[in-house]
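Subject: Structure handover

Dear colleague,

Please find the structure below, followed by notes on what was found in it.

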Amino acid sequence: MTTLAPTLLVVQHIDREGPDLVAEIALEQGMSIQTIRPDQGEPLPDPISTQNTIALLLGGPMSVEDRHQDALAWMQRELEWLTFWHQQQKPVLGICLGAQLLAVAAGGSVKPLQVGLPPQPLKEVGFGAIHWQTEPSQEPLLRGLQPSEMVLHWHGDRIQLPPAATLLGSSLHCPEQVFRIAKHAVGLQCHFELSRSNLERWIEEDHDTIVSAMGPEGPEQLRQDHERFGESVQQQGRIFIRNTLRLLSARTTKP
């Protein structure tokens with residue numbers, strides 16, 4: 001009997017933050033893609049009746065902690081949906097805001113990223129290294145990767161992991177960069193998925209965040225760093241994404 005490839009259910013929160021390399025690799029693997037915009041009032045599917053599906057929750061400039069504001073009521077509804085999805089052990093990959101939502105849905109929390117004594121707020125934006133907390137050859141998600149990898153950072157919050165999570169990767173300023181919950185949920189605070197063309201859109205549309213984090217030279221620094229690191233980041237990102245979709249595909253319910 002032929003096994004159907006899963007559907008990738010893309011939960012997108014803002015126009016500029018799309019699935020990028022995740023969608024590219026999902027299509028390579030024969031998956032179909034469905035995109036839902038909760039921020040535009042589009043309903044999420046019933047977790048019980050939704051089969052053979054991997055949920056991909058993307059990023060956005062909003063904070064999970066602001067979900068009780070009237071304008072962000074959709075995020076509270078999404079969190080309730082995700083909590084039930086996770087409780088059913090449905091496969092899910094969360095990136096940036098999506099990883100923060102996943103952590104909260106699983107019993108963790110999110111707070112502003114701070115460093116130093118006394119603690120000072122920090123926005124972690126730009127290319128920087130993460131190091132793995134385990135030997136890559138011993139973790140299915142990390143096979144084929146080096147002990148430390150360059151990634152793109154773009155956030156100002158920090159995840160407090162739920163008890164069930166396994167921490168896999170950390171950066172200098174933010175310990176909780178990559179985590180896994182059992183074999184059905186993966187969280188990625190950093191960005192492996194971003195293409196060069198969309199990076200330019202992020203730079204143009206999120207200019208104020210970049211300048212507040214990196215100074216007035218930040219936008220040009222990002223462009224220069226992408227010339228230096230971008231090809232390698234995307235190459236290693238493809239390895240991580242393929243590993244992740246392989247792991248999560250094994251958790252889908254077959255018809």
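Which residues does Leu248 touch, not counting residues up to four places away in sequence? They are Ile54, Pro91, Val92, Leu93, Lys183, His184, Ala185 and Val186. Note that this is a predicted model.

Leu248 belongs to helix 6, which covers residues 218-249. Its relative accessible area is 0%, so Leu248 counts as buried. Gly18 lies 230 residues from Leu248 along the chain, and the C-alpha atoms of the two are 19 Å apart.

The largest pocket holds about 350 Å³ of space. It is lined by 19 residues, of which Pro61, Trp154, His155, Gly156 and Asp157 are the closest to the centre. Helix 3 (97-105) and strand 9 (148-155) are the elements that give two or more residues to this lining. By class, the lining of the largest pocket is made up of 8 nonpolar, 7 polar and 4 charged residues.

For the second largest pocket, the space is about 170 Å³. Its lining has 14 residues, and Glu124, Val125, Gly126, Phe127 and His153 are the closest to the centre. At least two lining residues each come from strand 8 (124-132) and helix 5 (207-214). Strand 8 gives the most to the lining of this second largest pocket, with 6 residues. The lining of the second largest pocket divides into 6 nonpolar, 5 polar and 3 charged residues.

Regards

Note on methods:
Residues numbered from 1 in each chain as written. Predicted model: local features only at pLDDT ≥ 70, side-chain atom pairs only at ≥ 80, totals over all residues. Heavy atoms only, no water. 1 Å grid on protein atoms, 1.4 Å probe; cavity = no way out; pocket = protein on both sides within 12 Å on 5 of 7 lines; lining within 4 Å. Points joined across faces, edges and corners; volume = space filled by probe spheres on them. Helix = DSSP H or I, 4+ residues; strand = E, 2+ residues; numbered from the N terminus. Nonpolar A, V, L, I, M, F, W, Y, C, P; charged D, E, K, R; others polar. Buried < 20%, exposed > 50% of the residue type's maximum accessible area, 1.4 Å probe, protein only. Contact = heavy atoms within 4.5 Å.
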